[in-house]
Amino acid sequence: MLIRSTTALAALFLLSTAMLAQASDKPSDPQIAHIAYTAGVLDVEAAMQALKKSKNKEILDFAKDMVRDHEAVNKQALDLVKKLNVTPEDNATSKALTKAADEERAKLAKLDGAAFDKAYVDNEVAYHKQVNGALETLLIPSAENAELKSLLETGLKLFQGHEQHAEHVAGMLK
Amino acid sequence: MALTIAAASAKAETIEVTIEKLVFSPASIEAKVGDTIEWVNKDVFAHTATVTGGWEVMIPPKTSASLTLKRAGSFDYFCRFHPNMKGQMTVTSP
């Protein structure tokens with residue numbers, strides 16, 4: 001138990017230090033594009049796990065919405081980086097997000113039924129909240145290219161919508 | 001005055017609401033029973049126009065969907081997929 005919570009704490013610490021490192025050291029557009037794209041891919045992966053494991057209609061519908069929306073916005077992101085001739089660049093924030101998501105997926109893999117549904121949707125609320133915070137305070141203000149900034153702003157509205165949608169689904173499970 | 005009312009009741013209109021970057025525009029509309037609301041979705045995301053406990057219109061990406069108004073009243077609607085998208089309509093009897 002002690003070991004497990006220490007690992008979780010270490011992951012959280014790593015994530016916040018990565019975010020802080022980025023905050024003092026403004027991310028470049030190729031890094032921002034990579035972070036935003038990664039955030040979308042990770043949420044699609046979480047949704048795929050829910051589609052495999054859950055039997056709850058609300059959860060399944062929500063997970064399908066996540067796959068559809070995040071794939072659509074990531075397709076726009078790919079079209080944009082191609083147009084701007086930008087190569088997304090891996091970085092500490094992307095790595096920390098991926099590591100935290102991998103750990104969360106491993107944790108969720110051990111749960112079933114109502115316990116899985118609740119943990120999945122609670123994590124969706126927390127995850128979207130975290131990504132929205134990064135978009136608002138770091139990624140949008142740091143973006144240099146106007147089209148990238150505009151896509152991130154649309155992404156923020158989309159993710160805020162998902163956060164509210166996840167909160168609604170969480171409320172229905174109770 | 002009488003003429004205006006007669007003209008208004010005779011002709012049903014189509015009112016267009018654009019959806020772009022997760023915003024209903026205009027956010028607030030006034031209509032009459034018999035008018036049609038047409039939502040034009042310019043986003044790559046599916047949206048809905050949903051009244052809690054009432055009607056729901058599905059608006060797939062890059063398409064339009066419409067609803068003919070049958071009841072008078074004031075309605076708040078939202079997108080069920082993105083509840084931060086909100087709209088409002090006031091529907092009067094013809």
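Start with H3(A): its buried residues are Ile59(A), Phe62(A), Ala63(A), Asp65(A), Met66(A), Asp69(A), His70(A), Val73(A), Ala77(A) and Val81(A). This comes from a predicted model. What sits over those residues? The cover includes helices H2, H5 and H6 of chain A.

H3(A) itself runs over residues 57–84, 28 residues in total. From first C-alpha to last it reaches 40 Å, close to the 40 Å expected at 1.5 Å a residue. Just past the end of H3(A), Asn85(A) takes a positive phi of about 60 degrees.

Here are H3(A) and the helices named in its cover:

| Helix | Residues |
|---|---|
| H3(A) | 57–84 |
| H2(A) | 29–53 |
| H5(A) | 113–142 |
| H6(A) | 146–173 |

Of its 174 residues, 34% count as buried. Take the contacts between residues at least 6 apart in sequence: 82% of them join residues at least 24 apart.

How confident is the predictor, and where? Mean pLDDT for chain A is 89, with 86% of residues at 70 or more. Confidence is highest in H2(A), at 97, and lowest in H1(A) (residues 2–24), at a mean of 51. Over residues 1–7 of chain A the pLDDT falls below 50, and beyond near neighbours in sequence this stretch has 0 contacts in the model.

Methods: Residues numbered from 1 in each chain as written. Chains lettered and ligands numbered in written order. Predicted model: local features only at pLDDT ≥ 70, side-chain atom pairs only at ≥ 80, totals over all residues. Helix = DSSP H or I, 4+ residues; strand = E, 2+ residues; numbered from the N terminus. Expected span 1.5 Å × (residues − 1). Buried ≥ 20, exposed ≤ 12 C-beta atoms within 10 Å, placed from the backbone. Contact = placed C-beta atoms within 7 Å. pLDDT = per-residue confidence, 0-100.
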